[in-house]
Amino acid sequence: MTTSQPVSRIIPSMNEFHGLFTRNQTGMRRLLGALTFAGALLGSWASSHAATNKPTCAILTFDAKGGLSVEECALLADRYMVEFDRLGQYMLLPRAKMNEVLKMQEFSRSDNCSASDCAIEAGKLLSVRHMVYGSVGKIGNMFTLNTFMVNVEHGGTEKRATTDHEGRI
């Protein structure tokens, strides 16, 4: 895929759980069990991160726009993850582990939250410092990739990038 920018430039609380704890004890036990299991899944990844001392990051599947399919966007997000990892600046959470933990936590992106809010929520569940999210769209013969990196702890967008490609991919 040709881009208008080199790939290297594409880089783009417990209070939330309080309501679950106070609703009923069964919900609390289920949540604590899921959190314990999620912690175990992330354990080996976290220990390898400690050895590298790089900031942690996870990349969500990109939103599909302009007639692209979800599968096409998932494939492009996977490709983006490979290129992002080649930069060597972040310790990336493998997609399989990310999907497993988010599924276990019953996390799903919905129309009820902004992309940034959802990325931050996912990042907290995954215990990563940064989350990357974005969209891939097609307008006529032009494809566009918009990416954003948010700081999970502070909630702000740290980096953003747009890359366009005209023609076939």
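Trainee: What is the relative accessible area of cysteine 73?
Mentor: This is a predicted model, in which local features need pLDDT of at least 70 and side-chain atom pairs count only at pLDDT 80 or more, while totals for chains, interfaces and linings use all residues. Residues are numbered from 1 along each chain as its sequence is written, and side-chain values use heavy atoms, with hydrogens and water left out. The term buried means under 20% relative accessible area, exposed means over 50%, and partly exposed lies in between (1.4 Å probe, protein chains only). Cysteine 73 counts as buried because its relative accessible area is 0%.

Trainee: How many disulfides does a search of the whole structure find?
Mentor: A disulfide is a covalent bond between the sulfur atoms of two cysteines. The criterion applied is a pair of cysteine sulfur atoms within 2.5 Å. Cysteine 57 is buried, with a relative accessible area of 0%. For the whole structure, the number of disulfides found is zero.

Trainee: Which pattern does the protein follow along the sequence?
Mentor: Helices (H or I, at least four residues) and strands (E, at least two) are DSSP runs, numbered from the N terminus. The protein has five helices and six strands. Their order along the sequence is α-α-β-β-α-β-α-α-β-β-β.

Trainee: What percentage of the residues of the protein count as buried?
Mentor: Accessible areas come from the Shrake-Rupley method with a 1.4 Å probe, and for residues only the protein chains shown count as cover. The accessible surface of the protein is about 9800 Å², and carbon and sulfur atoms hold 52% of that surface. Among the 169 residues of the protein, the buried share is 38%.

Trainee: Which residues of strand β1 point the other way from Thr56 and Ala58?
Mentor: In a regular strand the side chains alternate between the two faces of the sheet. Strand β1 covers residues 56-59, and the residues pointing either way are all buried. Opposite in direction to Thr56 and Ala58 are Cys57 and Ile59.

Trainee: What is the bridge partner of cysteine 57 in β3?
Mentor: Two strands pair if DSSP finds at least two bridges between them. Strands β1 and β3 (residues 91-92) run parallel and are joined by two bridges. Within this pairing, cysteine 57 is bridged to leucine 92.

Trainee: Which residue in β4 stands opposite isoleucine 59?
Mentor: Strand β1 is also joined to β4, by three bridges, and these two strands run parallel. The β4 residue opposite isoleucine 59 is valine 132.

Trainee: How many aromatic pairs are counted?
Mentor: Rings of Phe, Tyr and Trp (its six-membered ring) pair if their centres lie within 6.5 Å; planes under 30 degrees apart count as stacked, over 60 as edge-to-face and the rest as tilted. Under this rule, the number of aromatic pairs is four.

Trainee: At what angle do the planes of tyrosine 80 and phenylalanine 84 lie?
Mentor: Tyrosine 80 and phenylalanine 84 are four residues apart in helix α3 (residues 70-86), so about one helical turn separates them. Both tyrosine 80 and phenylalanine 84 are buried. Their ring centres are 5.9 Å apart, and the pair counts as tilted because the planes lie at 35°.

Trainee: Which four residues do ring pairs link into a cluster?
Mentor: Tyrosine 80 and phenylalanine 84, both buried, belong to this cluster. Its members are Phe62, Tyr80, Phe84 and Tyr90.

Trainee: Where does serine 135 lie, and which residues does it contact beyond its neighbours within four places in sequence?
Mentor: Serine 135 is located in strand β4. With 11% relative accessibility, serine 135 is buried.

Trainee: What is the phi of glutamate 106 near?
Mentor: Most residues other than glycine have a negative phi. Glutamate 106 is in the loop between α4 and α5 (115-126) and is exposed, with a relative accessible area of 58%. The phi of glutamate 106 is positive, near 60°.

Trainee: What relative accessibility does serine 127 have?
Mentor: Serine 127 sits in the loop between α5 and β4 (130-139), and its phi is a positive value near 60°. Serine 127 counts as exposed because its relative accessibility is 55%.

Trainee: How far apart in space are asparagine 99 and leucine 60?
Mentor: Asparagine 99 belongs to helix α4 (residues 95-104). Asparagine 99 is partly exposed, at a relative accessible area of 38%. In sequence, asparagine 99 and leucine 60 are 39 residues apart, and their C-alpha to C-alpha distance is 9.1 Å.
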